[in-house]
Amino acid sequence: MGILDGLGEGFSVALDPINILYVFLGVLIGTVIGVLPGLGPTATIALLLPLTYEIEPATAVIMLAGIYYGSMYGGTITSVLLRLPGEAASVVTVFDGHQMAMQGRAGPALGIAAVGSFIGGTVSVIGLILLAPPLADLAVEFGPPEYVALTAFGILLVTYLGTKHPVKALCMAALGLLLATIGQDAITGTTRFTFDQVELFDGLDFVAVAMGLFGVGEILYNLEQTEKAEQIKTRIKNIWPSRRDFRDSSGAIGRGSVLGFVLGVLPGGGGVISSLASYALEKRRAKDPTRFGKGAIEGVAGPETANNASSTSAFVPLLTLGIPANVVLALIYGALLIQGITPGPQLIDQNPDIFWGVIASMFIGNLMLLALNVPLVGVFVQLLRVRAGILAAFALLITMAGVFSVNNDPFDMWVVLVFGVVGWLMKKTGFEPGPLVLAFVLGSILERAFRQSMLLSGGEFDIFITRPLSGTIFALMAAVVIYSTVRGIRRQRRGRPAALYADQLESAAPGQDTPGAESEGTSWTPESDHDDATREVGPGERDGGGSTRVDIDRP
Amino acid sequence: MSRHLFRLAPLVLLLLGIAAMLMARDLTLGEFRSPGPGLWPFLCATLLALTALVLLVVDDPEDYEPWTRGTVGIGLGLVSLAVFIVLFQEIGFLVPAVLMLLVWLRLFAREPWRWALPLAVIGAVVFHLVFVEALGVPFPDDIVLGG
């Protein structure tokens with residue numbers, strides 16, 4: 001099917017009244033939870049997974065995708081007005097966005113973010129259309145060793161790139177892989193780790209695990225943090241940016257679109273990293289970098305464009321290779337599995353309605369977001385009056401009723417509760433649930449591919465290295481591991497924080513430039529190797545001061 | 001908090017990994033040429049145990065947040081959820097839902113009774129309508145509805 005035929009089919013799916021309703025619901029919910037602190041896109045999608053059971057697969061993905069990119073819009077609002085990022089990808093928007101608000105330019109800041117997000121999203125959709133079909137054609141040739149390589153690469157990148165402590169993340173990934181083996185072995189039929197519980201024969205339910213770890217775990221964790229009532233004093237007027245604003249930020253939007261698209265496609269990428277990268281890029285390109293942190297509109301336009309572009313392009317690996325690039329995509333992957341559809345290279349041919357329908361709906365969704373955001377910012381801001389405690393009570397009840405509805409089995413409610421406790425404890429002890437869930441989702445694919453590879457090769461491991469494609473991927477994996485290990489050791493020797501993320505924020509944060517200050521490059525993008533500004537990020541800037549934490553497992 | 005208490009988490013993971021390795025071995029490992037059902041879990045468990053062992057030595061105590069008074073509240077909240085699940089199976093959705101919402105709205109949101117009570121009742125009824133009437137989920141028989 002050609003691209004035009006595909007898009008034609010896609011729009012016929014996306015323009016179906018039901019699907020229009022769901023894409024609207026998705027972007028609306030996404031914006032709302034983006035505004036509300038304490039409930040990120042990951043938690044929301046996890047909580048809503050059971051509801052997708054009841055609707056058509058294409059519709060389900062359309063809605064979940066809408067929540068994802070919608071939340072990127074919503075997070076901006078609180079970043080600009082309150083210095084409180086509603087979700088992690090909007091952290092850098094705080095630097096200049098809030099300054100603009102203090103100067104009475106909150107309107108243009110939000111306006112340019114909405115326009116930039118729209119452009120970034122649209123560019124990314126076009127990239128997705130062009131890149132996905134050839135990639136899927138290539139992937140059809142993949143054998144088991146290539147799948148071992150790809151899934152292992154995905155897990156590895158998520159554990160190494162997106163987290164503070166690679167070893168802790170790897171530990172959680174191992175736990176996720178182990179949990180995925182619970183239940184009957186698909187090849188021999190042997191029951192594994194079931195402890196003679198009939199409920200465990202089919203394995204742990206993905207929905208229950210994800211809802212527990214992300215939904216309940218995150219709600220509990222946020223409840224424990226101190227809660228502050230927020231007051232909005234800023235008046236918002238003149239949302240639409242001036243012609244000069246557009247001229248100033250057009251370059252940032254263009255670069256942010258491309259950067260966001262590229263970083264979103266890579267496993268382990270996503271909103272947070274791409275917005276940080278865009279901020280660093282804009283700051284370095286600027287003629288006068290000292291303007292950054294004092295209300296430079298490029299510092300809002302670039303990152304906001306990039307995080308939206310990346311949230312769209314993250315669908316490329318999922319829809320073509322069947323590999324979720326980050327945790328939100330892992331949840332969407334799970335939603336498709338529930339519907340009996342395994343995302344992969346065959347998806348375009350076997351379920352063109354899903355592939356093209358989702359893509360076409362993204363056009364519509366981005367347009368809706370632009371239309372919603374520009375006039376309705378004032379309304380969304382009022383949502384901040386809802387207190388986290390009230391939200392938590394209702395979200396938990398939805399969780400419990402929702403997870404029951406998947407299999408009509410109270411056992412799943414206990415699974416949610418147990419994993420909720422586990423998720424909360426993990427957050428308190430610095431273990432991140434993201435790698436666990438990603439590994440849990442990919443575990444059965446990885447195991448099957450591994451065992452098939454072993455059968456193919458007669459137990460020889462060189463099958464992974466001698467085949468050109470899997471060999472290349474494994475070589476890349478080795479490079480990532482060696483590089484980050486060496487860096488980690490060097491950094492510890494110099495007494496710098498081992499946390500990858502703190503360092504990135506630090507180097508991206510605005511402030512007085514300290515020429516000649518020793519600043520080690522950050523590993524997440526080649527451009528940032530010679531970042532020139534280093535400053536301690538004050539606690540208010542780092543965590544927004546509210547219940548929202550900078551949290552890398554939220555893409 | 002004792003200086004080494006934070007090592008408890010890696011220790012638990014290490015023991016979990018070793019236990020899983022032993023259980024996987026009993027499932028028969030086979031060999032790489034013809035993998036048995038226990039081989040893959042054994043490899044995963046080994047990775048878990050090894051990483052946990054590394055963490056036991058190198059982990060950063062600063063990662064671990066202290067227990068606060070809020071923690072006690074979370075514990076109470078969890079108990080209320082467990083009670084909800086038990087009651088839900090016995091007497092249906094409505095009564096446990098109202099009770100759970102009441103506990104949470106009073107305990108965590110600190111809403112006054114005049115707000116908490118109507119919110120809880122309305123919330124429970126709305127969720128009942130959504131899940132049972134609109135989505136057709138077969139909740140256990142409800143004592144309120146005389147099921």
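Student: Which residues in α8(A) meet which residues in α19(A)?

Tutor: The model is predicted. In α8(A), the residues in the contact are Ala169(A), Met172(A), Ala173(A), Leu175(A), Gly176(A), Leu177(A), Leu179(A) and Ala180(A), and they meet Pro435(A), Leu436(A), Ala439(A), Phe440(A), Gly443(A), Ser444(A) and Leu446(A) in α19(A). Sorted by class, this contact has twelve nonpolar, three polar and no charged residues.

Student: At what angle do the axes of α8(A) and α19(A) cross?

Tutor: Two packed helices are described by the angle between their axes and the distance between the axes. Here the axes of α8(A) and α19(A) cross at roughly 45 degrees and come within 7 Å. The two helices α8(A) and α19(A) are therefore oblique to each other. Their crossing is right-handed.

Student: How are α1(A) and α16(A) oriented to each other?

Tutor: Helix α1 (residues 3-14) and helix α16 (residues 352-382), both of chain A, pack at about 75 degrees with their axes 7 Å apart. An angle of 65 to 115 degrees counts as roughly perpendicular, so α1(A) and α16(A) are roughly perpendicular to each other. Among the residues that make the contact are Leu7(A), Phe11(A) and Val13(A) of α1(A), and Trp356(A), Ile359(A) and Phe363(A) of α16(A). By class, the contact of α1(A) with α16(A) divides into eleven nonpolar, four polar and two charged residues.

Student: How does helix α18 of chain A pack with helix α3 of chain B?

Tutor: Helix α18 (residues 410-428) of chain A and helix α3 (residues 69-91) of chain B have axes 10 Å apart, at an angle of about 170 degrees. That makes α18(A) roughly antiparallel to α3(B). The contact includes Met413(A), Trp414(A), Leu417(A) and Trp424(A) of α18(A), together with Ile74(B), Leu78(B), Phe84(B) and Phe88(B) of α3(B). Its residues comprise 14 nonpolar, two polar and one charged.

Student: What is the volume of the second largest pocket, and which residues are the closest to its centre?

Tutor: The volume of the second largest pocket is about 1,200 Å³. It is lined by 50 residues, of which Leu337(A), Val441(A), Ser444(A), Ile445(A) and Arg448(A) are the closest to the centre. Elements giving two or more residues to this lining include α7, α8, α14 and α18 of chain A.

Student: Which element gives the largest share of that lining, and how do the lining residues divide by class?

Tutor: The largest share, nine residues, comes from α19(A). By class, the lining of the second largest pocket has 27 nonpolar, 13 polar and ten charged residues.

Technical notes:
Residues are numbered from 1 along each chain as its sequence is written. Chains are lettered from A and ligands numbered from 1 in the order in which they are written. This is a predicted model: local features need pLDDT of at least 70, side-chain atom pairs count only at pLDDT 80 or more; totals for chains, interfaces and linings use all residues. Side-chain values use heavy atoms; hydrogens and water are left out. Axes are lines fitted to C-alpha atoms, for helices over the stretch in contact, and angles run from 0 to 180 degrees between N-to-C directions. Helices (H or I, at least four residues) and strands (E, at least two) are DSSP runs, numbered from the N terminus. Angles under 35 degrees count as roughly parallel, over 145 as roughly antiparallel, 65 to 115 as roughly perpendicular and the rest as oblique. Contact means heavy atoms within 4.5 Å. Ala, Val, Leu, Ile, Met, Phe, Trp, Tyr, Cys and Pro count as nonpolar, Asp, Glu, Lys and Arg as charged, and the others, Gly among them, as polar. On a 1 Å grid over the protein atoms alone, a cavity is a set of points where a 1.4 Å probe fits but cannot get out, and a pocket is an open set with protein on both sides within 12 Å along at least five of seven lines; lining residues have an atom within 4 Å of a point. Grid points are joined across faces, edges and corners, and a volume is the space filled by probe spheres set on the points. A crossing is left-handed if the near helix is turned anticlockwise from the far one by less than a right angle, and right-handed if clockwise.
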